Every structure is written in structure tokens, then in C-alpha cells.
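The sequence and structure come first.

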Amino acid sequence: MTVAASPPDRTLSVEAGPADAGRRLDVVLAQAVPELSRTRLKALIQDGCVKEEGLTITDPSQRVKPGQVFAIILPQPRAHYPEAQAIALTILYEDDDLLVIDKPAGLVVHPASAHESGTLVNALIAHCGDSLSGVGGVKKPGIVHRIDKDTSGLLVVAKTDAAHHGLSRLFADHGRTLSLTREYLAFVWGVPERAHGTIDAPLGRHATQREKMAVVSQARGREAITHWEKIEDYGVASLLRCQLETGRTHQIRVHMAHIGHPLIGDKTYGAGFKTKVAKLSPRAREAVEHLGRQALHAATLGFEHPISGEEMLFESDLPEDLEALRQALSDAH
């Protein structure tokens, strides 16, 4: 591998060599740039500070190919901690150890290069002050899991380090041996023939569009399993309940598109279904056009309290935009 520095814009260029074939990106970069820890490089990747041929890479586990050239952008020094911002939060539960939030669509979970403020973390710092767990790192205090900016619904946040460790263990287990339930409501194009099913398809970075995820081979991806159940049939569309057995980036969105039923309003994975809108009633068409996001809502979150051991279960009703979509689709069918 070769490494070249460009001081004016504080960018490092790393070219992968033959020995790097198939290795994780964060491992390769850590070996090439020993002055930066692997943890630091992993954070830079997740914050969108690593690019390849101009495309941003956000997956530290991406496998490297010989000859690839990666640009590592080292941000200028900035405030060591996100600022507190008085952003209204819908808090469903709170105690000394954690809080459960019903996140609106449009709210980014934690700061990154493209979103330095106005995030859930900024709001949490204002609400919790020094009681927020620092285990998640400078830009992710209290954050145990995340949902996409344009997905609404339930999130649990750790206020203490002990709660953070316990919740992280739960989410890493994905409910296989420990108590964890994560269910989403998804409005999708088309109607599955079966009443329920399971999608077991590994996910990884798209081969050419690196900002997207895709179903890939087991060798290139990570295990991803989604269980789904048909709730309502609207003819041209349907409402599904999806339960995660794993929690990969964009998992439900990619899996639904993979089986031919992408989420309504998903511009990234459902762009090829725009013609379906013309088949809707005027009211339903208006509801879809006003969405401005994928029709996905984290509706149920259940877990064992990491400190007390109490079984917790929270449910979130569909937000106004998705309820309007549901009514419009129901009335038209």
C-alpha cells in the first residue's frame, strides 16, 4: 500500500495493495496510517470522512480491493462535544437510567459531517445534561441504536454507562437469546401472495453506488434477517409488520425491495415504482406525494430494563402523515 499526505486540505490518500485484498477498510487504513487509531478511523468512516472515487463510504467493514484509493478527510479541530439545543422531544418513558423517545421523521439521530447540529443528540444533551452516558462516544452519547433520518418511531437512549452496556448487549444479541422486540410498520408497493414470510439475505455496500446497501453474497455481506406479516391489502399496495432479527443499515428498505415490494416513498430503493402512483386514487396519490420520505415507522420496542430487569414494552401510533396515507389507501380499496 502507499500513503500520501496533502497538508493544505488535511487529506490523506491511501492506496490499497495486493496484500489488502478482502480485508476490512478500517483495518487497512489503520495499518496505513498508524498515527490514527482504528477506533478513530472507524468513526471518520461512519461520519462520512472517507471517500473512494468521490463517493462517500460509511461502512468500516467494507472489503477492500487492490488498487482502490481512499481519501481520508481529517476535519479541522472543533468543539469536543456537540452543543445543547432546545429541540422538542416526545418522551414516552424516563428514569435515572434510560429514556424512550418517539422520534419524528426528519430528525437525524447523531451529528456527522453533514449534520453538525439539530440532531437528537443535541436535544438529548439539552434535556439530560451531564447525566447522559458517554459510552457511545463524543458524537453519540447515550445512543444505543439508530433509525434513519426519514424513519419515524421508537428509540431507547442510555443515561448511564451501566445502562448503555446492558442495552448494547441486548441489541447486539438481536433478541435471539435475550429479551428484545423491534417491530416496524411498512407501507409497500404491491401485495405479497403469502400472509407472512422471512427474508434471509446478507446485506453489504452496493457494488457501484457506495451510498446504498444491497443484497450481496455471504462472503461480501453480513447476515440480515427480516420477518414480515401482511396486515392490510390495498390492491396496489399493502401494509406489513416487519420484525428485525438483525439490525443492518437500511435493512427493511433493502429487503422489501429485494422481494419486489419496496417501501412507498423510498427514493433510494423504490425509484422504479413511480408509475404505481398513477394507479392510486387522487386522495391516495396526494398522500404519497406529500410524504417526502419512506413510509416506515418503528412502532414497537420491547426490552428487559438493563438495571431493574423489568420487561418494558412501548408502542407508537402511526404519525399523522402515515395515518393519512393509511386512510387514503383504505378508502380507495
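## A salt bridge between K149 and D150

The side chains of K149 and D150 form a salt bridge, with N and O 3.3 Å apart. A salt bridge here is a side-chain nitrogen of Lys or Arg within 4 Å of a carboxyl oxygen of Asp or Glu. K149 has a relative accessibility of 34% and so counts as partly exposed; D150, at 24%, is also partly exposed. The cut-offs are under 20% relative accessible area for buried and over 50% for exposed, with partly exposed in between (1.4 Å probe, protein chains only).

The model is predicted: local features need pLDDT of at least 70, side-chain atom pairs count only at pLDDT 80 or more, and totals for chains, interfaces and linings use all residues. Residues are numbered from 1 along each chain as its sequence is written, and side-chain values use heavy atoms, with hydrogens and water left out.

## Other salt bridges

The structure holds 12 salt bridges. One of them joins R241 to E183, with the closest N and O atoms 3.8 Å apart. This pair links distant parts of the chain, since R241 is in strand β14 (residues 237–244) and E183 is in strand β9 (residues 180–189), 58 residues apart. Helices (H or I, at least four residues) and strands (E, at least two) are DSSP runs, numbered from the N terminus. R241 is partly exposed at 30% relative accessibility, whereas E183 is buried at 18%.

D331 and R283 form another salt bridge, in which the closest N and O atoms are 2.3 Å apart. D331 belongs to helix α7 (residues 320–332) and R283 to helix α6 (residues 282–289), so the pair ties together parts 48 residues apart in sequence. D331 is exposed, with a relative accessible area of 51%; R283 is partly exposed, with 45%. Salt bridges also link R24, D26 and R38 in a network.

Strand β7 pairs in the antiparallel sense with strand β6 (residues 91–94) over 3 bridges; two strands pair if DSSP finds at least two bridges between them. A hairpin of 3 residues joins β6 to β7, and I91 stands opposite I101. Strand β7 also pairs with strand β8 (residues 152–158), in the antiparallel sense and over 6 bridges. In that pairing, L98 stands opposite A158 of β8.
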